[in-house]
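Here is a short briefing on one protein structure. Look at the sequence and the 3D view first, then read the points below.

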Amino acid sequence: PALWAMDGPTGKTLWSVPIELRTGPVLSKDRLFAGTTNGVAAFRLVDGGRIWHSPVGEPLAPLAMNDQWIVSLDSVGRIHLLNHGGMSLGRLDGAIPEIAPVLIRDAVVFATPTSLMLYRLAGAASTPVADDPPMAGYAPTGRIDHPSGLFRFHAFLRHGCLRSGPG
């Protein structure tokens, strides 16, 4: 398995990094972020070099990201909050692992067994979006299994694309 960048017009491989990804990449300026078999990693877009890796567990759902935070959901329902430097900012427990959280401005929206929750990152307060009572905890990270045994994604850039799959 590998992550590689290709030149759009020529199809030439620009760089390749051997790594097992669990989520497709999320792009931000000169970096890309992706879920790996044991956490979240950041790579330089120009050459694929790893900038950092945060061992928060294997992501189950696609990463959510804005200009400040990265959100990862694991298989036991933990949502991990990271900054763009890879520092863990906290964890929310009790999310439904099969439903990916959504990052909207300064809040994470996620489903629990009893309600849809909104967790404000700036104020560190969680409130139910519906009328159900809030749960006592929250969090993210996990794995996506495809029936074929392969996981593939394509992220098209202005002048090329990124691809993950078998070697």
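Asn66 sits in the loop between strand 7 (64–65) and strand 8 (69–73). Strands here are DSSP runs of E with at least two residues, and they are numbered from the N terminus. This is a predicted model: local features need pLDDT of at least 70, side-chain atom pairs count only at pLDDT 80 or more, and totals for chains, interfaces and linings use all residues. Residues are numbered from 1 along each chain as its sequence is written, and side-chain values use heavy atoms, with hydrogens and water left out.

- Asn66 has 16% relative accessibility, so it counts as buried. (Buried means under 20% relative accessible area, exposed means over 50%, and partly exposed lies in between, with a 1.4 Å probe and protein chains only.)
- A polar atom of the Asn66 side chain lies 2.7 Å from the backbone nitrogen of Trp69.
- Asn66 is also in contact with His84, Leu103 and Arg105, leaving aside its neighbours within four places in sequence. (Contact means heavy atoms within 4.5 Å.)

**The hairpin**

- Strand 1 (residues 2–7) and strand 2 (residues 13–18) run antiparallel and are joined by five bridges. (Two strands pair if DSSP finds at least two bridges between them.)
- Trp4 has Ser16 in strand 2 as its bridge partner.
- Five residues lie between the two strands of this hairpin. In the turn, Gly11 has a positive phi of about 80°.

**The open sheet**

- Strands of a sheet pair through backbone hydrogen bonds, either parallel or antiparallel.
- Here, four strands form an open sheet in the order 3-4-5-6, with antiparallel pairing.
- Strand 3 (26–28) and strand 6 are the edge strands, and each pairs on one side only.
- Three bridges link strand 3 to strand 4 in the antiparallel sense. Val26 stands opposite Phe33 in strand 4.

**The aromatic pair**

- How many aromatic pairs does the structure hold? It holds one.
- Phe33 and Trp52 form this pair, with 5.9 Å centre to centre and 40° between the planes, and it is tilted. (Rings of Phe, Tyr and Trp, the last by its six-membered ring, pair if their centres lie within 6.5 Å; planes under 30 degrees apart count as stacked, over 60 as edge-to-face and the rest as tilted.)
- Phe33 lies in strand 4 (residues 31–36) and Trp52 in strand 6 (residues 50–54), so the pair ties together parts that are 19 residues apart in sequence.
- Phe33 and Trp52 are both buried.

How values were computed:
A polar contact is a pair of N or O atoms within 3.5 Å; within protein, one must be able to donate a hydrogen and the other to accept it, and residues adjacent in sequence count only if both atoms are side-chain atoms.
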